[in-house]
Amino acid sequence: MAFTRKRRQEQQLYSKERFSLLLLNLEEYYFEQHTANHIINKDCRDERKIRGSLKICSKSIIFEPDEKIQPIIKIPLRDCISIEAPEDNEANNPFTWYTPGVISVVSNQAFLIKEQNIIAPYKTERGKTEYLFQLDVAGKVDDVIQTLLQLNRASHLDKLGDQAAMITAILQSRLARTSFDKNRFQNVSETLHMECEAEMVTPLVTNPGHVCITDANLYFQPLNGYPKPVVHIMMHNVRRIYKRRHGLMPLGLEVFCTENDLCSDIYLKFYNSQDRDELYFYIATYLENHITEQTAESYMLQWQRGHISNYQYLLHLNNLADRSCNDLSQYPVFPWIIADYSSSELDLTKPETFRDLSKPVGALNKERLERLLTRYREMPEPKFMYGSHYSSPGYVLFYLVRVAPEYMLCLQNGKFDHADRTFNSIAETWKNCLDGATDFKELIPEFYENDSSFLVNSLKLDLGKRQGGKMVEHVELPPWASDPDDFLQKSQNALESQYVSEHLHEWIDLIFGYKQKGSEAIAAHNVFHPLTYEGGVDLNSIMDPNEKVALLTQILEFGQTPKQLFTTPHPQRIIPKFKSLRTSSHNVSIAESPVSPSEESFEDLTEESITLAWNNIAKLKLDEQHKIHKEEITGIAVSCNGSSVFTTSQDSTLKMFSKESKTLQRSVSFSNMALSSCLILPGDTTVISSSWDNHIYFYSVAFGRRQDTLMGHDDAVSKICWHDNRLYSASWDSTVKVWHCVPAEVLGTKKHHFELLAELEHDVSVNTINLNAANAMLVSGTKEGTISIWDVTTATMLHQLSCHSGTVYAAAFSPDSRHLLSTGEDGCFKVIDVQTGMLISSMASEQPQRCFKWDGHSVLSGSQSGELLVWDLLAGKVIERIKGHTGAVTCMWMNEQCSSIITGGEDKQIMFWKLQY
């Protein structure tokens, strides 16, 4: 199997080290290492020294203990408070034992990895902690600290583009100070042809160094000496070379020493195309004298004539189309072949057994396709039918997590995917590809090879527990497969079957051929996002480094369409007549689950009145204002008749204000911590408030006292929502919890009854949540700018996007739930297509917008400046500025008619606004 073979090669290179480049973040470099001790409990009776190796990386410090039982420590540089050598102070202090060569690193966070030498999600060590490392060579301390401080400055730059630019400058400076060590030549008589700087590429990882080619060998010497001082390939062993797109740029070169293998011997990425082309020329010139170059057309002829198998042909087409097992964003793509995962016997003589190869996965379900086409027709240019791709790094590792867990942990910041989203069953995965709103993935070559290890949890990984309580173990196979090897054998038989041989050209037309782009792609319902196609974006034309980094990250995570190999219909394979048992025309029937029509939200008011209100939203006028709190206001809730206004504040109080008498009627404090939001339950009898003290308080309006307390979180509760006896609570403890809540008055008791139904886990603190109109979806926004869309009926994540740089202040679905709008600390509005999870629009404002209401077209937002801004989303501009608070507008309430608005601000005031028609 390509991927596992690659891993075994790497393990041979990496020797017995537990450290690997997969412990680094994506786009991070490993610079140098130093033998050192990790000093624990210094100057104490129980002081310990743990022997190991200190690794200096571009975004982190990593300590690998020699003892395998000890965890590897990874300290992100962005979390470091100080990096210094404490010797000077200690040397002059008679009460401490002076220890030379010590580096002190004080950090707010560190990750513990491979504790007990077990591959598992990283453990996080939070809180201000000092880590002491004593280098064996004390004289290197100053140089190491200077390097770390320089990298630390880079990691604290606000913009990713600036960070990348500074790290690249540091890297290029290091490369410029070194050159290839000619003593590494295999033979003193070798003639040097060229030398340049490059990076060796492996899945999710790049390693910088120097490339050197002679008349006999190709060499790569890593800058850091890892995984070994020099990688070398003998020229007479080279069989194939391919120029590659890497990071959308023509900078890659892949070298193979085998003829029929997906796995190359080295993949190099150069810093300019001239160096790449020059090295390619030297190798190609050598190959011209030894072997014949194969083209797509030559492989096609071999396939047509039956000289190579369907599997081998697809392998070659993937290679020619820039697909590589070293690049997970362009991993080789193979088709779903079998459509029957329920029968006890697999009948390869029946057309119904097979998937329709003339259609992309997204077009196999007629009902789903109709919904996608409706959206496509209404979409402005550039249009696309599918918001997700059929191949991406996430999809590759979805299939391979059991054999490549460290790659999944690298891709997902030290975590495995949720157990219910893991590759659990062949049949479930196929069904989701047929019915899922955003799942159009194809397969990978491993499904048609001989190594079944990716279907078996032989590493005994703890991949979590599914909602039914069942642990994730081996992949569940269809009834017709007796074991994983049998499944692969029957899959191979299906791929090489007569039916597939007669129809494989149709799938090739879609993926590599003339139906990949243009009018033929539209007719075949095969249109993906423009950025996924080769030439879809010219990175060289983007001058803003931050925009370039963001765009590149988005494209590489999303997936890329293969290079187009054929621009005319691909010929059919020549099948011997005596083998043909059926006519060429047939109908493949696919069992399709009926999809429920989208729920419609019930509105008591006519759509015309709401439209009228939004058409006049710019005519908003201040009606009255009242200063009722001592700190900024955080939440507003209003009774059904509009007479009572409840507000929460960072002054820790919940207040009840009478709109009619214009007086403050009640003020209650539940603790000395700030309250973060509030809502009023149907019937106006109970107000719920969330607090920074980790609690949620239930206040009885009728009795004027606290009725109940829900101690539901381990950190501040930031936002709450309510629907149909379900309470949704967001917290800085990185969770959103769903509670079933039966009010006390229903039970006839003094206390409410709470039952935790679901826990939606996040990587970082959750700052805001919101429900859609049908209350079937929830959006969450984190302090690090991530937006997640959840299906609350199944408690599963539908999409997750890194939308903002900094905290997400607010997020809300459009009334029809087709789009999602968010605003954040970065001063940007982001519009997301809910069905596809695609970021489709972004608007920047002069100052951050703290809160907003919108109708899907227009936005009314509360600005950091205190103004209310009216936005035209389609035009992407502000059409009205309304003077409001002194200080930020922190929260906003709007009635159902959208004609009455209440805002709260940093100025401790609430303001009542009315539309003037």
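**Strands, helices and cores**

Analyst: As a starting point in this predicted model, Gly-904 has Ile-910 in S42 as its bridge partner.

User: How many bridges join strand S41 to strand S42?

Analyst: Strand S41 covers residues 900-905 and strand S42 covers residues 909-915, and the two run antiparallel. One of the pairs involved is Gly-904 with Ile-910 in S42. The number of bridges that join S41 to S42 is five.

User: Is strand S12 largely enclosed or largely open, and why?

Analyst: Strand S12, residues 240-246, is joined by six bridges to strand S13, residues 249-256, and the two run antiparallel; within this pairing, Arg-244 stands opposite Gly-252 in S13. Because six of the seven residues of S12 are buried, the rest of the structure leaves S12 largely enclosed.

User: Which residue in the hairpin of S12 and S13 takes a positive phi?

Analyst: The hairpin of S12 and S13 has two residues between the strands. The positive phi there is near 60°, and the residue that takes it is Gly-247.

User: At what angle do helix H4 and helix H15 pack?

Analyst: Helix H4 spans residues 160-176 and helix H15 spans residues 545-558, with their axes 7 Å apart. The angle makes H4 roughly perpendicular to H15, a term used here for 65 to 115 degrees. In the contact, Leu-160, Gly-161, Asp-162 and Ala-164 in H4 meet Pro-545, Asn-546 and Val-549 in H15, and these residues divide into four nonpolar, two polar and one charged. The packing angle is about 95°.

User: Is Pro-562 buried or exposed?

Analyst: Pro-562 is found in the loop between H15 and helix H16 (607-615). Leaving aside neighbours within four places in sequence, Pro-562 is in contact with several residues, including Arg-245, Tyr-390 and Phe-512. A residue counts as buried under 20% relative accessible area, and with a value of 1%, Pro-562 is therefore buried.

User: Which residues have the most contacts inside the largest nonpolar core?

Analyst: This core has 107 residues, and its largest share, seven residues, comes from helix H13 (residues 498-511). The residues with the most contacts inside the core are Phe-447 and Phe-512.

User: How many residues of helix H9 are buried?

Analyst: Helix H9 covers residues 393-400, and among its buried residues are Pro-393, Tyr-395 and Phe-398. H9 is largely enclosed by the rest of the structure because, out of its eight residues, the number buried is seven.

User: What is the relative accessible area of Ser-731?

Analyst: Ser-731 has its place in strand S25, residues 726-731. Apart from neighbours within four places in sequence, Ser-731 is in contact with His-713, Asp-715, Ala-716, Val-717, Ser-718, Ser-765 and Val-766. Ser-731 is buried, and its relative accessible area is 0%.

Key:
Residues are numbered from 1 along each chain as its sequence is written. This is a predicted model: local features need pLDDT of at least 70, side-chain atom pairs count only at pLDDT 80 or more; totals for chains, interfaces and linings use all residues. Side-chain values use heavy atoms; hydrogens and water are left out. Axes are lines fitted to C-alpha atoms, for helices over the stretch in contact, and angles run from 0 to 180 degrees between N-to-C directions. Helices (H or I, at least four residues) and strands (E, at least two) are DSSP runs, numbered from the N terminus. Angles under 35 degrees count as roughly parallel, over 145 as roughly antiparallel, 65 to 115 as roughly perpendicular and the rest as oblique. Contact means heavy atoms within 4.5 Å. Ala, Val, Leu, Ile, Met, Phe, Trp, Tyr, Cys and Pro count as nonpolar, Asp, Glu, Lys and Arg as charged, and the others, Gly among them, as polar. Two strands pair if DSSP finds at least two bridges between them. Buried means under 20% relative accessible area, exposed over 50%, partly exposed in between (1.4 Å probe, protein chains only). A nonpolar core is a set of buried Ala, Val, Leu, Ile, Met, Phe, Trp, Tyr and Cys residues joined through side-chain atoms within 4.5 Å.
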